[in-house]
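Subject: The structure to look at

Hi there,

Here is the structure I said I would pass on.

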Amino acid sequence: MSDTAIRVENLVKVYRPRGTAEIRAVDDLSFTVERGSIFGLLGPNGAGKTTTLRVLTTLVRPTSGFAEVLGHDVVRAPLEVRKRIGVVVQEHAAELLLSVRANLLTFARFHGQAGAAVRKRAGDVMDQFGLAEVAERKVQDLSGGVRRRVQVAKMFMVDVPVVFLDEFSSGMDPILKRAVMDLLRAQAIGGRTIVLTTQILTEAEELCDDILIINRGRQVARGNINALKLLTERLYDVTLSFDRVPDALSTVLAAYQATAVTVDHNTVQLRLKEDESRVLELVSVLAKNGRVLRVEISGGSLEDVFVELTQKGEAAT
Amino acid sequence: MSPRAMTAVIVREGRIRATNSTFIFWDLLYPLGYLMVFGLGVNASMGFTSGLAGIDYNAFFLAGVLGMASFGIASNTSWSFFLDRDNGIFYEMLTYPLSRSEYLIGKVLFNVFVGLVQTLLTVVLSAMLLKVPVRAQGMPLLIGATVIGTSGWFFFYAIFALRIRRNDAFNTVTSVFYFFFLFASSMFYPLEPLPAVFRLVARLNPITWHVDVLRYATIGAGSPALVALEAVLFVAFTAAAFAGAMVALDRQG
């Protein structure tokens, strides 16, 4: 059995809306996803993440190129693909007229599961997702966040080997989000492959074993979080708290490459594109101009990588 | 075709329909209500007859309301595509382990079931309450015409419901269809006394084919040869509508 769960080669998806120019939503994209991994597909709005997911989940056909899920071609064998996947689409999707319990049971029946064992599992899943109290309420009477919870909870009703989550945490409160992230991690350890898109980069940073950043339908960067962070070598976030912000701050900073500066009361936050020695030198110079109460220096985050790479892409076009 | 997949669609449709008892009541009894109000009212208060020898208006109109019921179920059910799309569940369902044809057929099977219950209830009660002389030997044909009729009109409407993105635009389309298909047909009146142009349009109208078969099945009115031709034409219409609906569904996503 291959270790590859998903294989995408030279994938292209072009939309041709009537009366307007064609849109190249996915442009020659290639990647693979390992079984049992959590794969993050990241990119700004309109980058092609959702279109890529729609191809992989057999919702749309690619214009050209090839994509397969667990060895099944998404174009030639869409039903075989669908038997092996669970999908949380970007839109809030629920059977509004049905109760929470009926939503879970209906979903399970589509995957060929019915009976007492499934009803018990529905109870367990509702407990895990904090839905037990609203089990018999129609979904149309619940808030958007709870509806999203129902939508994600359905994925835990069946044991499909690959799950696609498009912006899964939208509308979830932080406590539930953390609980779902823990569940997803446990699922991946159990062998499930999870593909997610998100714009919340801390989420990807915490969850994903492997990340692909795309922009304008093309790959911008690929790798695990540490490999991606290497792309931001010489990128530092510096936070300094003073008893009083030095008057000479802007004069001092003029000699350094600060890509972002924010001053909030007595705290200065800087993003610097400099060597480590120059960063330390700047801190030392600022310390001579004012009393420093706190210093914090950290390497670039995934957010920095993301902004850096996608902006570079924008500038290049 | 997977029976499991289609059963899942049928159960889903049933669960949704069961959440509203008024809906069920209306679904099952509205053709009979129409017959009572329109048929009985016209028959009794205005003294209309069907214009066909030995057939009163209630007996004539029974096939009309059955045809109208199939047409109505189809338009209501196809409207559910909009509801599903608004709820987001439509796209999620397209990723479920079933083919798009199974999805479409599962959806129609539930409505065929509702249509059959509705038809049998209407026929039995109209025979009992309105003394319509329903032919027992026509029952197999009646069942067949209800199954094919409800399916044909559902597939036909599905083409438009899947292609049109705006609910209000779809409502306009259904209003036009109601007006055109129902009135330019043999649903409310016999075609023979009508002007030639009207007759021609009505003869080309699939609902005339459907209603004529239902009329032959229920009360034996009409020429067997013409009814057989109309039955074949309606089956062809259903097959074409299914193909059209499949193309429209394949373009979703």
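This is a predicted model: local features need pLDDT of at least 70, side-chain atom pairs count only at pLDDT 80 or more; totals for chains, interfaces and linings use all residues.

B:Val235 counts as partly exposed, because it has 15 C-beta neighbours inside 10 Å; a residue is buried with 20 or more other C-beta atoms within 10 Å of its own, exposed with 12 or fewer, and partly exposed in between, with C-beta atoms placed from the backbone. B:Val235 sits in helix α10 (residues 224-250) of chain B.

Residues are numbered from 1 along each chain as its sequence is written, and chains are lettered from A and ligands numbered from 1 in the order in which they are written.

Now to chain B as a whole. Chain B has 10 helices and zero strands (DSSP runs numbered from the N terminus: H or I of at least four residues for helices, E of at least two for strands). Its radius of gyration is 18 Å, close to the 18 Å from the globule rule for 253 residues, so chain B is as compact as a globular protein of that length (the radius is taken over C-alpha atoms, and the rule is 2.2 Å times the number of residues to the power 0.38). The C-alpha trace spans about 55 × 40 × 35 Å along its principal axes. Of the 253 residues, 45% count as buried.

One helix pair is worth a look. Helix α6 (residues 139-163) and helix α9 (residues 206-219) of chain B pack with their axes 8 Å apart, at an angle of about 160 degrees (axes are lines fitted to C-alpha atoms, for helices over the stretch in contact, and angles run from 0 to 180 degrees between N-to-C directions). α6(B) and α9(B) are therefore roughly antiparallel, a label for angles over 145 degrees. Residues in this contact include B:Leu142 and B:Ala145 of α6(B), and B:Val213 and B:Leu214 of α9(B); contact means C-beta atoms, placed from the backbone, within 7 Å.

Lastly, the two chains meet: 25 residues from chain A and 19 residues from chain B take part in the contact. On the chain B side, α1(B) gives the most, with six residues.

Best wishes

Note on methods: Angles under 35 degrees count as roughly parallel, over 145 as roughly antiparallel, 65 to 115 as roughly perpendicular and the rest as oblique.
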